[in-house]
Amino acid sequence: MARVTGQARPAQSLLSIGQVLAKLTPEFADLSPSKLRFLEEQGLVSPSRTPSGYRKYAPGDLERLRLILTMQRDRYLPLKVIGDYLADLDRGLSPLLPGQAGPSVPGILATGRRFTREDLVREAGATPQLLSDAVTALLIPAADVFGEDALHVLASLVDLQSRGIEPRHLRALRAAVEREAGLIESAVAPLVRRRDAASRAKAAEAAHDIARSLDVVRSQLLRAAVERLA
């Protein structure tokens, strides 16, 4: 996915910051103008500028932002790793997605599928009752339209249910996640209290980094516990 230069961007296809936010915030609720500027400062996206200095985003910039935000949200990747991956794409390479063992999936930019309740249940091989139980247990957010993260969770719950583990049994897991979120909130609080846009963007990046590290520790502890059972 090569960067699009300003000369190759027809004016009618360019988007303002407000238009970019309107397109992306339904999928990435924490996106803000300050975060967009922070991603630009980090060299991850390069919008063109009008003669008066306003940022303008091409369709390729929008796709690039969606990819960056998806990798942050779903893979908890730090910006340096994301930047290295994007640099390889810019050089015309076909790198593996960070943390992916197989070939890079074609069309990674088009992974933001949306599902109605009926579609979600069918795709996951679940029952409507299991979805309702998952929402009640706060494992899946209540909504009319769901994303792929809900699909992955519901499919996992189908497998767990087949082994006698119901959503209600996972309330302790949800509580543990909330405690981890509290740890993250405490760690980034000094940045959040500064209230300037750059500090808040850095707080969001630090929160993702901490979440990724906690995920590694949690996975290793669980793996060790399972090995002891065996």
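This is a predicted model: local features need pLDDT of at least 70, side-chain atom pairs count only at pLDDT 80 or more; totals for chains, interfaces and linings use all residues.
Residues are numbered from 1 along each chain as its sequence is written, and side-chain values use heavy atoms, with hydrogens and water left out.

The protein chain contains nine helices and four strands. Helices (H or I, at least four residues) and strands (E, at least two) are DSSP runs, numbered from the N terminus. From that terminus, the order of elements is α-α-β-β-α-α-β-α-α-β-α-α-α. Of the 230 residues, 33% count as buried. Buried means under 20% relative accessible area, exposed over 50%, and partly exposed in between (1.4 Å probe, protein chains only). The accessible surface of the protein chain comes to about 13600 Å². Carbon and sulfur atoms account for 57% of this surface. Areas come from the Shrake-Rupley method with a 1.4 Å probe; for residues, only the protein chains shown count as cover. Contact means heavy atoms within 4.5 Å. Among contacts between residues at least 6 apart in sequence, 61% join residues at least 24 apart.

The largest nonpolar core has 27 residues. Such a core is a set of buried Ala, Val, Leu, Ile, Met, Phe, Trp, Tyr and Cys residues joined through side-chain atoms within 4.5 Å. The residues with the most contacts inside the largest core are V20, L24, L36, L39, L65 and L86. Two or more residues come from each of α1 (17-24), α2 (33-41), α3 (59-75) and α4 (79-90). Helix α3 gives the most, with six residues. L39 touches L44, V45, L65, I68, L69 and L79, not counting residues up to four places away in sequence. Another core, of 18 residues, lies apart from the largest one. Its members include L120, V135, A137 and A150.

Helix α9 spans residues 197-229 and holds A203. A203 counts as buried because its relative accessibility is 5%. Leaving aside neighbours within four places in sequence, A203 is in contact with V188, L191 and V192. A203 and A187 are 16 residues apart in sequence, and their C-alpha atoms are 9.0 Å apart in space.

H208 is also found in helix α9. With a relative accessible area of 14%, H208 is buried. Residues up to four places away in sequence aside, H208 touches K35, Q72, R73 and Y76.
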